[in-house]
Amino acid sequence: MSSFLGPDGHLMTALTKLGKLIFANLLWLLCCVPVITVVPATTSFYYTVTKSIRRDCGYVAEEFFRSMQRTLKKGILFSIAGLLWGAALWYGRMYAVANETEGFNFLLFAYDVLIAVSACVASCLIPVFSRFEMKMTGILKLSFVMAVRYIYYSALLVAGTVLVGWLVIVKLPMLCIVILPGLWCYISTYFIERMLLAYMPPAGDDKDAWYREQKQS
C-alpha cells in the first residue's frame, strides 16, 4: 500500500502525469488560437506528450516551445495548405451532392476516398513532423507511405480523434477539452511510436535517442 500511495508510488506518478497532460493541453489550445498555427501546435503537443510526459525526459513548457520554435515556419505553411485542401474537398463534395449528374455516385465516392486518405495522411504528418528534419515534400511523402503501410493504425488514429472531438463538442461539457485531447494523445503514442521506429536510424547513429528508452509508462 505504501508503494502505491507514497511520494514515488503509482498514484502520485499518475496524478503528476495527469497534471502535466492538462498543462500541455492548455499550451496546445492557446497556440491553436491563431488557426494557422494548428499544425506546429499539434506537432509540439505530440512531441511534448511523448518526450516529457510519457518518457519523463525534459520539462513540459521547455519541450513544447522548443518544438514550436523548430516547426513554426513550415507548420504554418502546412496549416494553410491543409485548410485550403480540406475546404476544396468539402466544397467539391457539397457541390456534387447539390448537383446530382451522371456519374454522381462515382464522384461522391471519389471525394469520400480523398477525404479519408487525406485524414490518414494528416494523422501521420504530425508525428513525422515532430520527429524528422526534412523538406516539406519529404514529410508529406513519408506521411503518405506510413499512413498506407500502417493503415490500421492511421485509421484508428483518425477514428479516435473524431470521437474525442465529438465527445467534447456534442456529448460532454466543453471543459473536457482541457484533458480529453491530452489523454488521447498519450494513448496514441503507444501505436504511433511503433510506426515511427520503423523509419528511425539505428540506435548507434542517433545522438538524441530518448524515444528508444526502455522505461515507458
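## Nonpolar surface patch

Phe-106, Phe-109, Val-113, Val-117, Phe-144, Val-145 and Val-148 make a nonpolar surface patch of about 670 Å². A patch is made of residues with over 30% relative accessible area and no salt bridge, with nonpolar side chains (Val, Leu, Ile, Met, Phe, Trp, Tyr) joined within 5 Å and like charges within 9 Å. Accessible areas come from the Shrake-Rupley method with a 1.4 Å probe, and for residues only the protein chains shown count as cover.

Helices α5 and α6 each supply at least two residues of the nonpolar patch. The most comes from α5, with four residues. Phe-144 has its place in helix α6; Phe-144 is partly exposed, with a relative accessible area of 45%. Helices (H or I, at least four residues) are DSSP runs numbered from the N terminus, as are strands (E, at least two). Buried stands for under 20% relative accessible area, exposed for over 50%, and partly exposed for what lies in between (1.4 Å probe, protein chains only).

## Basis of the model

This is a predicted model, in which local features need pLDDT of at least 70 and side-chain atom pairs count only at pLDDT 80 or more, while totals for chains, interfaces and linings use all residues. Residues are numbered from 1 along each chain as its sequence is written, and side-chain values use heavy atoms, with hydrogens and water left out.

## Aromatic contacts

The structure holds 10 aromatic pairs. Rings of Phe, Tyr and Trp (its six-membered ring) pair if their centres lie within 6.5 Å; planes under 30 degrees apart count as stacked, over 60 as edge-to-face and the rest as tilted. Trp-28 and Phe-45 form a stacked pair, at 5.2 Å centre to centre with 10 degrees between the planes. Trp-28 lies in helix α2 (residues 10-32) and Phe-45 in helix α3 (residues 38-54), so this pair ties together parts that are 17 residues apart in sequence. Trp-28 is buried at a relative accessible area of 17%, and Phe-45 is buried at 3% relative accessibility.

The pair of Trp-184 and Phe-191 is tilted, with 6.2 Å centre to centre and 50 degrees between the planes. Trp-184 counts as buried at 17% relative accessibility, and Phe-191 counts as buried at 10%. Trp-184 and Phe-191 also belong to one aromatic cluster with Tyr-150, Tyr-152 and Tyr-153.

## A charge over a ring

Arg-54 lies over the face of Tyr-190, at 3.9 Å from the ring centre. The rule asks for NZ of Lys or CZ of Arg within 6 Å of the ring centre and within 35 degrees of the ring normal.

## Salt bridges

The count comes to seven salt bridges, each a side-chain nitrogen of Lys or Arg within 4 Å of a carboxyl oxygen of Asp or Glu. In the salt bridge of Lys-51 with Glu-63, the closest N and O atoms are 3.4 Å apart. This pair links distant parts of the chain, with Lys-51 in helix α3 and Glu-63 in helix α4 (residues 60-98), 12 residues apart. Both Lys-51 and Glu-63 are buried.

Glu-133 forms a salt bridge with Arg-70, with the closest N and O atoms 3.4 Å apart. Glu-133 sits in the loop between α5 (104-131) and α6 (136-149) and Arg-70 in helix α4, 63 residues apart. Glu-133 is exposed at 59% relative accessible area, whereas Arg-70 counts as partly exposed at 32%. Asp-112 and Arg-93 meet in a salt bridge at 2.5 Å, N to O; Asp-112 is in helix α5 and Arg-93 in helix α4, 19 residues apart. Salt bridges that share partners also join Lys-51, Glu-62, Glu-63 and Arg-66 into one network.
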